[in-house]
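Please work through the exercises below with the sequence and the 3D view at hand, and try each task before reading its solution.

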Amino acid sequence: MRILAVEDDEIIAIFLKYGLEQEHYTIDIASDGEIGWALSQTYEYDLIILDVMLPKRDGLTLCRQLRSQQRQTPILMLTGRQNIEDKVKGLDVGADDYLVKPFVFAELLARLRALTRRHQAKTAPLQVADLTLDPVRHQVHRDGQVIELTTKEYTILEYLMHHVGEVVTRAQLIEHVWEPETKNASNVIDVYLSYLRRKIDRDFPVKLLHTVRGVGYVLRSDS
């Protein structure tokens, strides 16, 4: 799952990035509303965390503009204000939930899980053959066995399982899994796909992850 966090407080931004990556989320950070808007128009996000008080373009305006595009992406608003009128404004412009700073990270995670559960199309368990992935619990199993994955491996697998039977190009994986400024991402992808294949295929007779030479990768059961 890929998250965009638009937050100008550097300490909170670092806190969000580190904490969410530990929970197997891929997260992009924008330090102001203009950068947040640009990223939202460039990449497909599963959830957006949006501070209200932002330089260049405030969070309420950004939220309103995203909703004017008929986007259904869940939006969690962050604010240092506790007054009820500000919360109402955020919800009225299209936010799905509101969290007051300072907050406990466990509560943030709980709210993210609640938001994703409301969008069941993306949070229902994914399965191909005997391989299953639970996006809410971030658990992967094959033939009943737990498969331990790193954050990047998990994110790649989740993306592939959303596109079962489709050839996914390196460019698609770079866009969805890696940060925009990552250098030599194509070579890194090959390395991570090798790690992933070892974990989900090596000990099982039916191979699910296949390379399409010169194009990309496809997850499918040939059986």
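**Exercise 1: Charges and overall form**

Task: Determine how many positive and negative side chains the protein chain has, and how far apart the centres of the two sets lie.

Solution: In this predicted model, the protein chain carries 28 positive and 33 negative side chains. The centres of these two sets are 3 Å apart. Turning to the form of the chain, a compact globule with 223 residues would have a radius of gyration near 17 Å, and the 18 Å of the protein chain agrees with this. Along the principal axes, the C-alpha atoms fill a box of roughly 60 × 35 × 30 Å, and the secondary structure comes to 9 helices and 12 strands.

**Exercise 2: A residue in a loop**

Task: Decide whether Ala-95 is buried or exposed, and name its contacts beyond four places in sequence.

Solution: Begin with the location, which is the loop between helix H4 (84-92) and strand E5 (97-100). The relative accessible area of Ala-95 is 8%, and because buried means under 20%, Ala-95 is buried. Leaving aside neighbours within four places in sequence, Ala-95 is in contact with Cys-63, Ile-75, Met-77 and Gly-90. Finally, Arg-64 is 31 residues from Ala-95 along the chain, and their C-alpha atoms are separated by 8.6 Å.

Conventions:
Residues are numbered from 1 along each chain as its sequence is written. This is a predicted model: local features need pLDDT of at least 70, side-chain atom pairs count only at pLDDT 80 or more; totals for chains, interfaces and linings use all residues. Side-chain values use heavy atoms; hydrogens and water are left out. Helices (H or I, at least four residues) and strands (E, at least two) are DSSP runs, numbered from the N terminus. The radius of gyration is taken over C-alpha atoms; the globule rule is 2.2 Å times the number of residues to the power 0.38. Lys and Arg count as positive and Asp and Glu as negative; His and the chain ends are not counted. The place of a charge is taken as NZ of Lys, CZ of Arg, CG of Asp or CD of Glu. Buried means under 20% relative accessible area, exposed over 50%, partly exposed in between (1.4 Å probe, protein chains only). Contact means heavy atoms within 4.5 Å.
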